[in-house]
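Student: Hi, can we go through this one together? I'd like to take it piece by piece.

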Amino acid sequence: PSHGDSMFYSSSRNLMNSDALYSPNVVQMAAIMPQYIEQNLLHYHPQVPNGRNKVPLRARVSQVSEDSLIIQGEGTNYGMNRASARFRGHNAKNFHHASKPQDICRSPKTFRPFSLPSKCSSVAEAQGYIYHMAKDQNGCRFLQRMFDEGTSRDVQIIFNEIIDHVVELMMNPFGNYLMQKLLEVCNEEQRMHILIRVTGELVSISLNTHGTRVVQKLIETLKTRHQISLVISALEPGFLALIKDLNGNHVVQRCLQCFTNEDSKFILIAAAKYCVEIAKHQHGCCVLQRCISHSTGQHQQNLVSEISANGLMLAQDAYGNYVVQFILELKNPSATHKLTSQFDGNYVHLATQKFSSHVVEKCLVTCNDEVRSKIIHELLSATYFDQLLQDPHANYVVQTALRVSEVCAKIVF
């Protein structure tokens, strides 16, 4: 049989006494109710006079052609026939869900606020739909392609239709890609308009899985001092929240990469002030290391000094120990002396701890011979040295001590 003669069959279970509904009826319904898509039909549950719902909870939809659907499942004939009868002019009292076709459109399960144009070959044809297209996978791709292939007028048309929705689009699974692309192709006036719209929400956007990408792109494309100042002013109040967040910490790191040392000053000052809190955080410890590597001069000195002053405590922390090791690798004499002076007399205890044992090993590898000798002497002087050899953490420290001692011996002799 042809697609036009396709029949709707009910399931063998709960077979109901109703005439088979032919696909022409569906075509008639589709013409009246264009809002009904496959998902809407599956979720639509008209009520019958006795209050029982005859439309099945499970139904299977097969697309036969562009204009027709086959719906199979328990009770589908009943639901579809009643709907079809309603629109053929049968008694409206038997169809309780809606009194008019337009009422059906207002149903929360079937309502579609817009219909995308089926095909667009230019931005002009998409006008009026651009905001909605930006949140659609294919629509978003089309608009991005228009940025590459279109003119500056096309960019302006797209910009005009989405500027009032930039905060929402930045955090949208598809819209965020369009916003990133827009930031690459827009002019300075358009970028300023975007900045003005988002500055009050910039921290919230940065904490969002999709929004963080757009904010990083925004930071990369800033051109003027005024633009940079706006972003700094927006991000500074949320520094701690950003640096501790899975998504937000990448925004802080992008600032360190793209801004000058002077522009990054707000990050470096705050990092020094809250260094202990940040160093002991899963994401913060990584950002703190980036702060040290991207800073110079007095800013770096202040940051390293504050961290080193709390070295003994941080060395024993699950995340802080990485920051202490990072500072030891800098081989800064002042910072190293401040750290090792706190470790003196505590090396045996530190060697037996899971996290601080790595710090002791780093001291043995990076420090000078004088410090190295102190560490080895303290380990050998332990009353229970034999237990250190069997300790799950200290045994690695002893092995490292043996290795560096052999290297020193070869150099001397």
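Student: Which residues are buried in helix 13?
Tutor: This is a predicted model, to start with. In helix 13, the buried residues are Gly-211, Thr-212, Val-214, Val-215, Gln-216, Lys-217, Leu-218, Ile-219 and Thr-221.

Student: How many of the eleven residues is that?
Tutor: Nine of the eleven are buried, so helix 13 is largely enclosed by the rest of the structure.

Student: What covers the buried residues of helix 13?
Tutor: Several other helices. The cover includes helix 9 (166-170), helix 10, helix 11 and helix 12 (202-206). It also includes helix 14 (225-235) and helix 16.

Student: Pick one residue for me. What is Gln-216 in contact with?
Tutor: Gln-216 sits in helix 13, which runs over residues 211-221. Leaving aside neighbours within four places in sequence, Gln-216 is in contact with His-250, Val-251 and Arg-254.

Student: And why does Gln-216 count as buried?
Tutor: Its relative accessibility is 11%.

Student: Let's move to Asn-176. Where is it?
Tutor: Asn-176 is in helix 10, residues 175-185.

Student: Buried or exposed?
Tutor: Buried. The relative accessible area of Asn-176 is 0%.

Student: What does Asn-176 touch?
Tutor: Not counting residues up to four places away in sequence, Asn-176 touches Leu-169, Met-170, His-210, Arg-213 and Val-214. Val-214 is one of the buried residues of helix 13.

Student: New topic, helix pairs. At what angle do helix 8 and helix 11 pack?
Tutor: About 15°. Helix 8 covers residues 152-162, helix 11 covers residues 188-198, and their axes are 12 Å apart.

Student: So what do we call that arrangement, parallel or antiparallel?
Tutor: Helix 8 and helix 11 are roughly parallel to each other. Angles under 35 degrees count that way. Helix 8 passes helix 11 in a left-handed crossing.

Student: Which residues make the contact?
Tutor: From helix 8, Val-155, Gln-156 and Phe-159. From helix 11, Gln-190, His-193 and Ile-194.

Student: How many of those are nonpolar, polar or charged?
Tutor: The contact of helix 8 with helix 11 has three nonpolar residues, three polar and no charged.

Student: Why might residues three or four places apart point the same way?
Tutor: An α-helix has 3.6 residues a turn, so residues at that spacing point the same way.

Student: Okay, next pair. At what angle do helix 16 and helix 19 pack?
Tutor: About 5°, with the axes 10 Å apart. Helix 16 is residues 248-258 and helix 19 is residues 284-294. These two helices are also roughly parallel to each other.

Student: Which residues meet there?
Tutor: Helix 16 brings Asn-249, Val-252, Gln-253, Leu-256 and Gln-257. Helix 19 brings Val-287, Arg-290, Cys-291 and His-294. The contact divides into four nonpolar, four polar and one charged.

Student: What about loops? Where does Lys-331 lie?
Tutor: Lys-331 lies in the loop between helix 22 (320-330) and helix 23 (333-343). Its relative accessible area is 55%, so Lys-331 is exposed. Phi of Lys-331 is near 55°, a positive value in a residue other than glycine.

Student: And Leu-380, buried or exposed?
Tutor: Exposed, with a relative accessible area of 55%. Leu-380 lies in helix 26, residues 369-380. Its C-alpha atom is separated by 9.4 Å from that of Val-398, 18 residues apart along the chain.

Student: Zooming out, how many helices and strands are there in the protein chain?
Tutor: There are 28 helices and four strands. Of the 413 residues, 44% count as buried.

Student: What share of contacts join residues at least 24 apart?
Tutor: Among contacts between residues at least 6 apart in sequence, 64% do.

How values were computed:
Residues numbered from 1 in each chain as written. Predicted model: local features only at pLDDT ≥ 70, side-chain atom pairs only at ≥ 80, totals over all residues. Heavy atoms only, no water. Axes fitted to C-alpha atoms, helices over the stretch in contact; angles between N-to-C directions. Parallel < 35°, antiparallel > 145°, perpendicular 65-115°, else oblique. Left-handed = near helix turned anticlockwise from the far one by under 90°. Contact = heavy atoms within 4.5 Å. Nonpolar A, V, L, I, M, F, W, Y, C, P; charged D, E, K, R; others polar. Buried < 20%, exposed > 50% of the residue type's maximum accessible area, 1.4 Å probe, protein only.
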